[in-house]
Amino acid sequence: MTLVAFVEANFSGVDAIAATAEAGYSPILLTKNFEKLCQILPRGSGNELQKCTQIIEVNTSSIDDLVKVLTPFRADLDAICTFSQPYTIITGRLAQRLELPGALVSALELGRDKFKMREQLRNQGIENIRFGLASTASEAYQVAQKVGFPLVIKPKEGQASLCVGICHNESELKEYFTRIGKNTNLNLSISSEFLVEEYLHGSLFSVELMTTKARNHLIWGISDRQLGPNGVEIAASFPVFPDEYLDICLCATAALDAIGFDFGPSHVEIIVTENGPKIVELNLRAGGSGITQLMDASTNQKFGLAYVEMCLGKELNKPLFKKGASWHSILPLKSGLIKKMPSVDQIKSLGAHAYWEFKSVGETCTDDGSNFSWLAQVMTVGEDAHNASLKSEMIVKMAYESIEIEHTLNARS
C-alpha cells in the first residue's frame, strides 16, 4: 500500500486527493477541523475528500503533532505534500523530518515571506522594485514616500488576494488600515506586517511550473489573470501564449533559482510592464482558485497527481495542450442574504464544463476584498483559451440574472 499524506486542502488539493485515490494510491488528509475546511471549499468537496483512506484531525501547525499521528503509518508512507499556501513551510519541515521528498525549507520560507522574497530577488540582481515593510498606517506612509503612489499593499504572508489593497493617496492608505481592522478573515494565516510596493502597470499572468531538482523547471503553461478593482480574481484562461512568452518563463525560472527552490509545483505571478516582465509573487505550491482545474481540462494530465507521483519518484511527462479552458467568478453585487442562486443544471445547460458553488441560498454574503467573497465559479472549455473565456463570460452574465440578494445591514459571509 502506498500512502500519501496531504496537509490541509484547498480547491486544487481536493482534486489532487481524488485523483490520487483514483490512481490506486491511499491518500490521508491531515486537517485541524474537517467541518470548517469543507465550509471554505466549493459545495460537495466533502464528498470528494471522503475518498481519503483516513481523515485525521490534528494541529496542522505543530510539526511534533503531525509527526506523532503519522508515525504509525511510516512504513507505508511514501509522500507528503500540501496545496495550501499557509502550510508549505511546515510540510517541507515534516518531509525533512520523515526523510521524504520535499523542497528546501529555506526556499519555502523565502516564498512565504513576500518582503524577504523581494529582498532576495534584489540581492541576486533579478529585479529592483521599490518596496518596504510597515505595520501601521504611519509606517506605511513613510514607505510610500519612497515607493510613490499608486502603490500596492498586502500582508507579507497571505493568500487568496486577502487584504490586498491598491492605494492612490495617503487617504486611501489610511482607509486600508481602517478596513483591515474590521476584516473578519484575518485569522486565516495573515501576518500583521505589510509589504508596501510600487504599483506595476501591465498585463498579469501566472506561470505554472513543476521543479524536479535545482535549476530544472518544467513549464506546464501560462495563464492570463483578470482582477477586479479591489484585487479580487475575476477570471483566468489557460493556456495563453503572449508575445513575451519566453521572457515571462525566463523571469519565473530565474526568480525560483534566486531563492533556491528545488522541488515541487510553483505558481509564479508576473506582470508584463513596458520594461519587461516583473515578479508579483512566488507561490511555492500549485495554483489555486481553479488554476489546476484549467490545466487539467486543457492537457492530457492531472497536475495534482503529477506532483504526487513526482514525490513517489516517477518521471514527469511534458503536458500536451488539447483544448483551452477558462473560468469566471461570480461576485456578490451587494451584501445581504442570498435568496436565489442558479442551479448546477441551469449553468451546465448554458454550456459550462463545471460550476462550483461557494455560497448557498440562505447564507449571507459580502465583498471582503478577497476570493473568499466569491458566490460561485464557472469553467468552460473551448478550442482555445480565448474561445473558452468568451463562453464563461457569457454564462456568468446570464447567471447574474438568476441571483437574488436581500440587502441586510452588517452582513457577514
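**View 1. Helices α5 and α6 side by side.** Helix α5 (residues 88-97) packs against α6 at an angle of about 175 degrees, and their axes lie 9 Å apart. That makes α5 roughly antiparallel to α6 (a label for angles over 145 degrees). On the α5 side, T88, I89, G92, R93 and Q96 make the contact, meeting V105, L108, E109 and R112 of α6; contact means heavy atoms within 4.5 Å. Sort the residues of this contact and you get 3 nonpolar, 3 polar and 3 charged.

A quick note on what you're looking at: this is a predicted model, where local features need pLDDT of at least 70 and side-chain atom pairs count only at pLDDT 80 or more, while totals for chains, interfaces and linings use all residues. Residues are numbered from 1 along each chain as its sequence is written, and side-chain values use heavy atoms, leaving out hydrogens and water.

View 2. The 15 residues of α10 (residues 245-259) should span 21 Å at 1.5 Å a residue, and the end C-alpha atoms are 22 Å apart, which agrees. Buried residues (under 20% relative accessible area) of α10 include I248, C249 and L256. Among the elements covering the buried residues are α7 (114-123) and β12 (264-273). Just after α10, G260 takes a positive phi of about 85 degrees.

**View 3. A closer look at S61.** S61 sits in the loop between β3 (54-57) and α4 (63-70). S61 touches K32, Y87 and I90, leaving aside residues up to four places away in sequence.

Notes
Helix = DSSP H or I, 4+ residues; strand = E, 2+ residues; numbered from the N terminus. Expected span 1.5 Å × (residues − 1). Buried < 20%, exposed > 50% of the residue type's maximum accessible area, 1.4 Å probe, protein only. Axes fitted to C-alpha atoms, helices over the stretch in contact; angles between N-to-C directions. Parallel < 35°, antiparallel > 145°, perpendicular 65-115°, else oblique. Nonpolar A, V, L, I, M, F, W, Y, C, P; charged D, E, K, R; others polar.
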